[in-house]
Amino acid sequence: MAADAEVEVRNPSGLHARPAATFVRASAAFTADVTVTNLTRDAARSASAKSVLGVMGLAVARGHRVRIAADGADADEAVTQLVALIAAGLGEEIDGE
Amino acid sequence: MTDDAPALVGIVVVSHSADVAAATVQLVARLANLPADGPLLVAAGGLEDGSIGTDATRIADALVAADAGAGVVILADLGSAVLAAATAIDELIEPDLARRVRISGGPLVEGTFVAAVQASAGDGLDGVVAAADAAASMNKLDGR
């Protein structure tokens with residue numbers, strides 16, 4: 001089973017350090033393979049959502065759009081929950097709300 | 001963590017300075033946003049009297065403290081920190097534990113951060129040490 005969705009990153013520090021760690025831990029809870037792509041910087045490059053080095057290497061900043069793609073038994077659930085986590089700010093306050 | 005969750009890989013931070021080792025653990029626990037039931041991070045810095053140096057016995061004690069059953073990855077600063085870690089593994093801990101201890105060549109802060117995140121995500125010993133090693137190639141300026 002495969003699924004994917006796009007979402008805008010809105011928390012101040014993007015996918016760096018604390019938010020990246022939070023995202024990687026959440027991704028690792030799924031058995032599906034999960035990848036993330038920074039559509040704003042390079043739509044041709046993807047990284048494993050379960051690797052903090054891979055995720056931070058995408059240099060995702062606030063305002064960037066990312067695609068979350070999953071392949072595996074819990075792919076739908078993974079995409080739904082990870083997109084929701086990013087949309088909610090990955091534990092950071094979202095300015096301008 | 002529930003009782004039936006698999007054990008997480010532990011991490012030992014070795015520095016010539018007790019302050020650097022302790023601060024690295026404190027910094028990484030915060031940067032990696034580690035949950036209370038996350039991996040064990042243990043500092044092994046300085047000599048017994050607080051002076052600068054590395055002490056294989058302190059490292060051995062830290063390895064025992066950091067092992068939850070899944071093994072331990074060591075991040076070290078420079079030079080004899082690695083030698084002291086190797087001495088601790090080869091001579092001062094039980095062979096059963098020594099078999100599941102790895103020394104990473106990754107940089108101290110970045111490597112400890114990456115190791116802590118991957119350990120908290122449930123990666124195994126080989127995955128955690130490979131990620132910590134790869135932290136050496138992290139491009140901090142990407143996106144600037």
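Predicted model: local features only at pLDDT ≥ 70, side-chain atom pairs only at ≥ 80, totals over all residues.
Two strands are said to pair if DSSP finds at least two bridges between them, and with that in mind the sheet of chain B can be described as four strands that form an open sheet in the order β2-β1-β3-β4, with parallel pairing.

- Strands of a sheet pair through backbone hydrogen bonds, either parallel or antiparallel. In chain B the pairing is parallel, and the four strands follow the order β2-β1-β3-β4.
- β1(B) and β2(B) pair in the parallel sense over five bridges, and B:Val13 has B:Ala43 in β2(B) as its bridge partner.
- β3(B) and β4(B) also pair in the parallel sense, here over four bridges, and B:Val73 stands opposite B:Arg102, a residue of β4(B).

- α5(B) lies across β1, β2, β3 and β4 of chain B, and it runs at about 170° to β1(B).

**How α1 and α5 of chain B meet**

- Two packed helices are described by the angle between their axes and the distance between the axes. For helix α1 (residues 18–31) and helix α5 (residues 108–120) of chain B, the angle is about 45° and the axes are 9 Å apart.
- Angles under 35 degrees count as roughly parallel and those from 65 to 115 as roughly perpendicular, so α1(B) and α5(B), at about 45°, are oblique to each other.
- α1(B) passes α5(B) in a right-handed crossing, and the contact is made by B:Thr24, B:Leu27, B:Val28 and B:Leu31 on the α1(B) side and by B:Leu108, B:Val109, B:Thr112, B:Phe113 and B:Ala116 on the α5(B) side.
- The residues of this contact divide into seven nonpolar, two polar and no charged.

**Buried residues in α2 and α6 of chain B**

- In helix α2 (residues 56–66) of chain B, the buried residues are B:Ala56, B:Arg58, B:Ile59, B:Ala60, B:Ala62, B:Leu63 and B:Ala66. What covers them includes the strands β1, β2, β3 and β4 together with the helices α3 (80–92) and α4 (95–98), which belong to chain B.
- In helix α6 (residues 125–134) of chain B, B:Val128, B:Val129, B:Ala130, B:Ala131 and B:Ala132 are buried, and their cover includes α2 of chain A together with β3, β4 and α5 of chain B.

- The axes of α1(A) and helix α3 (residues 75–87) of chain A come within 10 Å and cross at roughly 165°, which makes α1(A) roughly antiparallel to α3(A).
- α1(A) passes α3(A) in a right-handed crossing, where A:Phe23, A:Ala26 and A:Ser27 in α1(A) meet A:Gln81, A:Leu82 and A:Leu85 in α3(A).
- By class, the contact of α1(A) with α3(A) has four nonpolar, two polar and no charged residues.
- A:Ala84 is found in helix α3 of chain A, and because it has 12 C-beta neighbours inside 10 Å, A:Ala84 counts as exposed.
- The C-alpha atom of A:Ala84 is separated by 17 Å from that of A:Ser13, and these two residues are 71 residues apart along the chain.

**Where chain A touches chain B**

- In the contact between the chains, 16 residues of chain A are in contact with 15 residues of chain B.
- On the side of chain A that touches chain B, α1 (17–28) and α2 (52–57) of chain A each supply at least two residues, and the largest share, seven residues, comes from α1(A).
- The residues on that side of chain A divide into nine nonpolar, four polar and three charged.

Technical notes:
Residues numbered from 1 in each chain as written. Chains lettered and ligands numbered in written order. Axes fitted to C-alpha atoms, helices over the stretch in contact; angles between N-to-C directions. Parallel < 35°, antiparallel > 145°, perpendicular 65-115°, else oblique. Left-handed = near helix turned anticlockwise from the far one by under 90°. Contact = placed C-beta atoms within 7 Å. Nonpolar A, V, L, I, M, F, W, Y, C, P; charged D, E, K, R; others polar. Buried ≥ 20, exposed ≤ 12 C-beta atoms within 10 Å, placed from the backbone.
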